[in-house]
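Please read the points below with the sequence and the 3D structure open beside you. They are meant to be followed in order, finding each residue before moving on to the next.

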Amino acid sequence: MKYRNVTHRMVEAFQAAMLHNGISAGADALGITQPAMSRLIADLQRSMGILLFAKNGRSIKPTQEAHALMAKVQQSFLGLEQIVDFSDQLRKQKLGQLSIGAIPSIGHSILPAVIRQLREKFPDVFISLRVASYIEVARHVKTRQADIGLTADTLSLGDLETVAEFPSECVCIGTEKWLDPRSDHIHVGEFVNKPFIASSGTFQTRLNAWLGANGVQADAMIEASLFQSISDLCLEGLGIAVVDPMTAAKHQKRGGVALPLRPSIGYTVYATAMSDAKLSVPAKELIRLVAAASCAET
(Lines give C-alpha, C1' and ligand atoms only; values in the text may rest on other atoms or scores of the structure.)
Protein backbone atom coordinates (compact mmCIF):
# COMPACT_ATOMS: atom_id res chain seq x y z
CA MET A 1 0.00 0.00 0.00
CA LYS A 2 1.37 3.42 -0.93
CA TYR A 3 0.99 6.01 1.82
CA ARG A 4 0.66 9.75 1.35
CA ASN A 5 3.45 11.97 2.63
CA VAL A 6 3.14 13.31 6.16
CA THR A 7 2.82 17.10 6.14
CA HIS A 8 3.74 19.61 8.82
CA ARG A 9 0.08 20.63 9.06
CA MET A 10 -0.94 17.05 9.90
CA VAL A 11 1.64 16.85 12.68
CA GLU A 12 0.57 20.28 13.97
CA ALA A 13 -3.05 19.09 14.13
CA PHE A 14 -2.01 15.91 15.96
CA GLN A 15 0.01 17.89 18.50
CA ALA A 16 -2.91 20.29 19.11
CA ALA A 17 -5.30 17.37 19.66
CA MET A 18 -2.92 15.80 22.18
CA LEU A 19 -2.16 19.02 24.03
CA HIS A 20 -5.81 20.08 24.25
CA ASN A 21 -7.25 16.65 24.97
CA GLY A 22 -9.48 16.32 21.95
CA ILE A 23 -10.22 17.05 18.29
CA SER A 24 -12.65 19.88 19.01
CA ALA A 25 -10.43 21.72 21.48
CA GLY A 26 -7.42 21.20 19.22
CA ALA A 27 -9.33 22.70 16.29
CA ASP A 28 -10.20 25.76 18.38
CA ALA A 29 -6.55 26.18 19.34
CA LEU A 30 -5.49 26.11 15.67
CA GLY A 31 -8.39 28.30 14.58
CA ILE A 32 -9.83 25.74 12.15
CA THR A 33 -13.14 23.86 11.96
CA GLN A 34 -13.61 20.50 13.61
CA PRO A 35 -14.21 18.68 10.27
CA ALA A 36 -10.97 20.13 8.91
CA MET A 37 -9.18 18.99 12.04
CA SER A 38 -10.67 15.51 11.76
CA ARG A 39 -9.54 15.26 8.12
CA LEU A 40 -5.97 16.20 9.05
CA ILE A 41 -5.87 13.55 11.80
CA ALA A 42 -7.40 10.93 9.47
CA ASP A 43 -4.86 11.79 6.74
CA LEU A 44 -2.04 11.44 9.26
CA GLN A 45 -3.27 8.03 10.39
CA ARG A 46 -3.54 6.83 6.78
CA SER A 47 -0.12 8.24 5.91
CA MET A 48 1.53 6.54 8.88
CA GLY A 49 -0.55 3.36 8.74
CA ILE A 50 -1.29 3.35 12.48
CA LEU A 51 -4.28 4.20 14.66
CA LEU A 52 -3.67 7.29 16.76
CA PHE A 53 -7.09 7.85 18.34
CA ALA A 54 -9.63 5.18 19.36
CA LYS A 55 -13.27 5.74 20.26
CA ASN A 56 -14.04 5.60 23.96
CA GLY A 57 -17.82 5.98 24.30
CA ARG A 58 -18.70 9.38 22.91
CA SER A 59 -15.12 10.60 23.03
CA ILE A 60 -11.81 9.52 21.58
CA LYS A 61 -8.73 8.40 23.45
CA PRO A 62 -5.09 8.53 22.28
CA THR A 63 -3.57 5.12 21.66
CA GLN A 64 -0.20 3.98 22.99
CA GLU A 65 1.20 4.71 19.54
CA ALA A 66 -0.14 8.27 19.80
CA HIS A 67 1.67 8.86 23.10
CA ALA A 68 4.91 7.46 21.67
CA LEU A 69 4.56 9.67 18.60
CA MET A 70 3.81 12.71 20.75
CA ALA A 71 7.13 12.32 22.56
CA LYS A 72 8.95 12.50 19.22
CA VAL A 73 6.82 15.40 18.02
CA GLN A 74 7.61 17.38 21.15
CA GLN A 75 11.33 16.95 20.51
CA SER A 76 10.85 18.08 16.92
CA PHE A 77 8.82 21.14 17.86
CA LEU A 78 11.35 22.08 20.54
CA GLY A 79 13.96 22.18 17.81
CA LEU A 80 11.61 24.27 15.69
CA GLU A 81 11.21 26.78 18.55
CA GLN A 82 14.98 27.07 18.78
CA ILE A 83 15.13 27.76 15.05
CA VAL A 84 12.47 30.46 15.43
CA ASP A 85 14.43 32.05 18.31
CA PHE A 86 17.60 31.96 16.23
CA SER A 87 15.84 33.49 13.24
CA ASP A 88 14.65 36.29 15.52
CA GLN A 89 18.26 36.94 16.51
CA LEU A 90 19.25 37.00 12.84
CA ARG A 91 16.45 39.47 12.14
CA LYS A 92 17.73 41.77 14.86
CA GLN A 93 21.26 41.50 13.51
CA LYS A 94 20.03 42.40 10.04
CA LEU A 95 18.38 45.50 11.46
CA GLY A 96 21.69 46.35 13.14
CA GLN A 97 23.64 45.52 16.24
CA LEU A 98 26.24 47.20 18.42
CA SER A 99 28.42 45.28 20.86
CA ILE A 100 30.16 47.27 23.59
CA GLY A 101 32.87 46.14 25.97
CA ALA A 102 33.64 48.40 28.94
CA ILE A 103 35.55 48.38 32.19
CA PRO A 104 33.36 48.66 35.33
CA SER A 105 34.10 52.34 36.07
CA ILE A 106 32.56 53.23 32.69
CA GLY A 107 30.00 50.45 32.37
CA HIS A 108 28.50 51.15 35.81
CA SER A 109 28.42 54.93 35.54
CA ILE A 110 27.65 56.66 32.24
CA LEU A 111 26.83 53.76 29.92
CA PRO A 112 23.29 52.99 31.15
CA ALA A 113 22.20 56.54 30.27
CA VAL A 114 24.21 56.48 27.04
CA ILE A 115 22.55 53.22 25.96
CA ARG A 116 19.14 54.68 26.76
CA GLN A 117 19.90 57.56 24.38
CA LEU A 118 21.14 55.12 21.75
CA ARG A 119 17.90 53.11 22.00
CA GLU A 120 15.86 56.28 21.56
CA LYS A 121 17.75 57.14 18.37
CA PHE A 122 18.15 53.58 17.01
CA PRO A 123 15.16 51.57 18.30
CA ASP A 124 15.82 48.70 15.83
CA VAL A 125 19.47 48.23 16.79
CA PHE A 126 20.29 45.31 19.10
CA ILE A 127 22.76 46.52 21.75
CA SER A 128 25.00 44.21 23.76
CA LEU A 129 27.04 45.43 26.76
CA ARG A 130 29.81 43.41 28.41
CA VAL A 131 31.33 44.90 31.58
CA ALA A 132 34.68 43.25 32.21
CA SER A 133 38.31 43.83 33.14
CA TYR A 134 40.73 45.74 30.94
CA ILE A 135 42.23 42.50 29.62
CA GLU A 136 38.80 40.98 28.91
CA VAL A 137 37.65 44.11 27.06
CA ALA A 138 40.79 43.91 24.91
CA ARG A 139 40.11 40.24 24.16
CA HIS A 140 36.47 40.90 23.26
CA VAL A 141 37.44 43.61 20.78
CA LYS A 142 40.27 41.55 19.32
CA THR A 143 38.01 38.52 18.80
CA ARG A 144 35.30 40.84 17.40
CA GLN A 145 32.87 40.02 20.19
CA ALA A 146 32.76 43.77 20.83
CA ASP A 147 32.66 46.48 18.17
CA ILE A 148 33.91 49.14 20.60
CA GLY A 149 35.96 48.76 23.77
CA LEU A 150 35.92 51.49 26.44
CA THR A 151 38.82 51.47 28.91
CA ALA A 152 40.97 53.84 30.95
CA ASP A 153 44.14 52.51 29.29
CA THR A 154 45.14 52.30 25.66
CA LEU A 155 44.69 48.84 24.17
CA SER A 156 47.76 48.04 22.12
CA LEU A 157 47.26 44.36 21.36
CA GLY A 158 47.79 43.39 17.74
CA ASP A 159 45.39 45.14 15.37
CA LEU A 160 43.58 47.21 18.01
CA GLU A 161 43.60 50.97 17.63
CA THR A 162 42.29 53.94 19.61
CA VAL A 163 39.47 55.64 17.72
CA ALA A 164 38.64 58.32 20.29
CA GLU A 165 39.92 59.75 23.59
CA PHE A 166 37.94 61.49 26.32
CA PRO A 167 40.31 63.29 28.73
CA SER A 168 39.12 64.40 32.16
CA GLU A 169 40.44 64.66 35.72
CA CYS A 170 40.22 62.44 38.77
CA VAL A 171 38.11 63.47 41.76
CA CYS A 172 38.38 62.97 45.52
CA ILE A 173 35.31 61.40 47.13
CA GLY A 174 34.15 60.81 50.68
CA THR A 175 31.47 62.05 53.06
CA GLU A 176 31.09 65.19 55.18
CA LYS A 177 32.93 63.30 57.89
CA TRP A 178 36.18 63.75 55.96
CA LEU A 179 35.46 66.34 53.24
CA ASP A 180 33.99 69.83 53.42
CA PRO A 181 31.20 70.05 50.82
CA ARG A 182 31.52 73.85 50.84
CA SER A 183 35.08 73.68 49.46
CA ASP A 184 35.66 74.12 45.75
CA HIS A 185 38.58 71.67 45.82
CA ILE A 186 40.85 69.61 48.05
CA HIS A 187 44.64 69.88 48.00
CA VAL A 188 46.64 66.69 48.09
CA GLY A 189 48.32 67.94 51.26
CA GLU A 190 44.97 67.60 53.05
CA PHE A 191 45.13 63.82 52.59
CA VAL A 192 47.42 63.64 55.62
CA ASN A 193 45.72 62.14 58.69
CA LYS A 194 42.68 61.11 56.66
CA PRO A 195 42.01 57.37 56.17
CA PHE A 196 42.46 56.48 52.52
CA ILE A 197 40.70 53.80 50.50
CA ALA A 198 43.02 52.55 47.79
CA SER A 199 42.36 50.98 44.42
CA SER A 200 44.13 47.89 43.13
CA GLY A 201 45.83 47.62 39.76
CA THR A 202 47.58 50.03 37.45
CA PHE A 203 45.48 53.03 38.51
CA GLN A 204 46.78 52.83 42.09
CA THR A 205 50.35 52.56 40.81
CA ARG A 206 49.87 55.82 38.91
CA LEU A 207 48.12 57.38 41.89
CA ASN A 208 50.95 56.41 44.26
CA ALA A 209 53.44 58.07 41.89
CA TRP A 210 51.30 61.23 41.90
CA LEU A 211 51.07 61.21 45.70
CA GLY A 212 54.82 60.67 46.02
CA ALA A 213 55.57 63.51 43.60
CA ASN A 214 53.54 65.78 45.90
CA GLY A 215 55.26 64.56 49.06
CA VAL A 216 52.26 62.70 50.42
CA GLN A 217 51.94 59.14 51.67
CA ALA A 218 48.30 58.09 51.93
CA ASP A 219 47.15 56.16 54.99
CA ALA A 220 45.58 53.27 53.08
CA MET A 221 44.00 50.68 55.38
CA ILE A 222 41.36 49.46 52.88
CA GLU A 223 41.72 48.41 49.25
CA ALA A 224 39.06 47.55 46.65
CA SER A 225 39.26 46.52 43.00
CA LEU A 226 36.25 48.46 41.67
CA PHE A 227 35.57 52.20 41.87
CA GLN A 228 31.94 51.35 42.61
CA SER A 229 33.03 49.36 45.67
CA ILE A 230 35.31 52.21 46.72
CA SER A 231 32.38 54.62 46.51
CA ASP A 232 30.29 52.24 48.66
CA LEU A 233 33.04 52.12 51.28
CA CYS A 234 33.40 55.90 51.28
CA LEU A 235 29.66 56.30 51.79
CA GLU A 236 30.05 54.20 54.95
CA GLY A 237 32.34 56.94 56.27
CA LEU A 238 35.44 54.79 56.11
CA GLY A 239 37.63 57.42 54.46
CA ILE A 240 38.41 59.26 51.25
CA ALA A 241 39.48 58.01 47.84
CA VAL A 242 40.48 59.16 44.38
CA VAL A 243 38.30 57.91 41.53
CA ASP A 244 37.32 58.76 37.98
CA PRO A 245 34.92 61.72 37.47
CA MET A 246 32.06 59.48 36.30
CA THR A 247 32.10 57.41 39.49
CA ALA A 248 32.48 60.64 41.48
CA ALA A 249 29.35 62.14 39.89
CA LYS A 250 27.37 59.02 40.76
CA HIS A 251 28.84 59.06 44.28
CA GLN A 252 27.64 62.63 44.74
CA LYS A 253 24.13 61.75 43.56
CA ARG A 254 24.04 59.03 46.20
CA GLY A 255 24.69 61.58 48.96
CA GLY A 256 28.47 61.64 49.07
CA VAL A 257 30.91 64.51 48.68
CA ALA A 258 33.09 64.90 45.57
CA LEU A 259 35.80 67.54 45.24
CA PRO A 260 38.25 68.40 42.42
CA LEU A 261 41.90 67.67 43.18
CA ARG A 262 44.74 70.17 43.36
CA PRO A 263 47.10 69.55 41.73
CA SER A 264 45.05 67.60 39.23
CA ILE A 265 45.62 64.08 37.97
CA GLY A 266 44.26 63.11 34.59
CA TYR A 267 41.84 60.32 33.76
CA THR A 268 41.31 59.47 30.10
CA VAL A 269 38.73 57.13 28.63
CA TYR A 270 39.77 55.44 25.40
CA ALA A 271 37.46 54.02 22.73
CA THR A 272 39.12 51.15 20.88
CA ALA A 273 38.20 49.10 17.81
CA MET A 274 39.88 46.77 15.35
CA SER A 275 42.03 48.70 12.90
CA ASP A 276 40.24 47.22 9.89
CA ALA A 277 36.74 47.80 11.31
CA LYS A 278 34.41 50.30 9.70
CA LEU A 279 32.48 52.00 12.47
CA SER A 280 28.72 51.86 12.05
CA VAL A 281 26.49 54.88 12.50
CA PRO A 282 25.37 53.63 15.98
CA ALA A 283 29.03 53.10 16.96
CA LYS A 284 29.87 56.66 15.96
CA GLU A 285 26.87 57.91 17.92
CA LEU A 286 28.07 55.89 20.93
CA ILE A 287 31.40 57.69 20.78
CA ARG A 288 29.67 61.07 20.55
CA LEU A 289 27.43 60.30 23.53
CA VAL A 290 30.34 59.01 25.65
CA ALA A 291 32.25 62.21 24.85
CA ALA A 292 29.28 64.33 25.91
CA ALA A 293 28.74 62.30 29.09
CA SER A 294 32.44 62.49 30.00
CA CYS A 295 32.41 66.28 29.63
CA ALA A 296 29.23 66.56 31.72
CA GLU A 297 30.82 64.73 34.64
CA THR A 298 33.95 66.91 34.80
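This is a predicted model: local features need pLDDT of at least 70, side-chain atom pairs count only at pLDDT 80 or more; totals for chains, interfaces and linings use all residues.

1. Gln145 sits in the loop between H7 and strand E5 (148–151). If neighbours within four places in sequence are left aside, Gln145 is in contact with Ser99, Arg130, Arg139 and His140. The C-alpha atoms of Gln145 and Ser128 are 9.6 Å apart in space, while the two residues are 17 residues apart in sequence.

2. The loop between H7 and E5 also holds Arg144, whose phi is near 65 degrees, a positive value in a residue other than glycine. Arg144 counts as partly exposed, with a relative accessibility of 48%. A second residue to look at for its backbone is Asn21, a residue other than glycine with a positive phi, near 60 degrees. Asn21 is placed in the loop between helix H1 (8–19) and helix H2 (23–30), and at 73% relative accessibility Asn21 counts as exposed. As background, most residues other than glycine have a negative phi, and most peptide bonds are trans.

3. Which peptide bond is cis, with omega near -5 degrees? The bond in question runs from Arg262 to Pro263, and Pro263 lies in the loop between strand E12 (257–262) and E13.

4. Arg139, which was named above as a contact of Gln145, also takes part in a salt bridge, where its side chain meets that of Glu136 at 2.7 Å, N to O. Both residues belong to helix H7 (residues 134–142), where they are three residues apart, about one turn of the helix. Arg139 is partly exposed, with a relative accessible area of 37%, and Glu136 is partly exposed as well, with a value of 28%. In general, side chains of opposite charge can pair when their charged atoms come close.

5. A search of the whole structure finds nine salt bridges, and one of them joins the side chains of Glu285 and Lys121 at 3.6 Å, N to O. This pair links distant parts of the chain, since Glu285 is in helix H11 (residues 281–296) and Lys121 is in helix H6 (residues 111–121), 164 residues apart. Is Glu285 buried or exposed? Glu285 is buried, because its relative accessible area is 10%, and buried means under 20%.

6. Asp180 and Arg182 form another salt bridge, with their closest N and O atoms 3.0 Å apart. Asp180 is partly exposed, with a relative accessible area of 31%, whereas Arg182 counts as exposed at 76% relative accessibility.

7. The largest pocket holds about 540 Å³ of space. Of the 21 residues that line this pocket, Ile103, Ala152, Asp153, Thr202 and Phe203 are the closest to its centre. H5, helix H8 (202–213) and strand E13 (266–274) each supply at least two residues of the lining, which by class is made up of nine nonpolar, 10 polar and two charged residues. Where does the largest pocket lie? Both domain 2 (96–168 + 268–297) and domain 3 (171–264) give residues to its lining, so the pocket lies between them.

8. The search of the whole structure finds one cavity of 30 Å³ or more, and about 60 Å³ of space lies in the largest cavity. The residues that line this cavity are Pro104, Ser105, His108, Ser109, Leu226, Phe227, Gln228, Thr247 and Lys250, and by class they are three nonpolar, five polar and one charged. Helix H5 (104–107), helix H9 (227–235) and helix H10 (245–253) each supply at least two residues of this lining, and at least three come from each of domain 2 and domain 3.

9. Phe227, one of the residues lining the largest cavity, is also among the contacts of Ser199, which include Gln204, Glu223, Ala224 and Ile230 when neighbours within four places in sequence are left aside. Ser199 lies in strand E9 (residues 195–199), and Ser199 is buried, with a relative accessible area of 4%.

Conventions
Residues are numbered from 1 along each chain as its sequence is written. Side-chain values use heavy atoms; hydrogens and water are left out. On a 1 Å grid over the protein atoms alone, a cavity is a set of points where a 1.4 Å probe fits but cannot get out, and a pocket is an open set with protein on both sides within 12 Å along at least five of seven lines; lining residues have an atom within 4 Å of a point. Grid points are joined across faces, edges and corners, and a volume is the space filled by probe spheres set on the points. Helices (H or I, at least four residues) and strands (E, at least two) are DSSP runs, numbered from the N terminus. Ala, Val, Leu, Ile, Met, Phe, Trp, Tyr, Cys and Pro count as nonpolar, Asp, Glu, Lys and Arg as charged, and the others, Gly among them, as polar. Domain bounds come from an automatic or database domain assignment. Buried means under 20% relative accessible area, exposed over 50%, partly exposed in between (1.4 Å probe, protein chains only). Contact means heavy atoms within 4.5 Å. A salt bridge is a side-chain nitrogen of Lys or Arg within 4 Å of a carboxyl oxygen of Asp or Glu.
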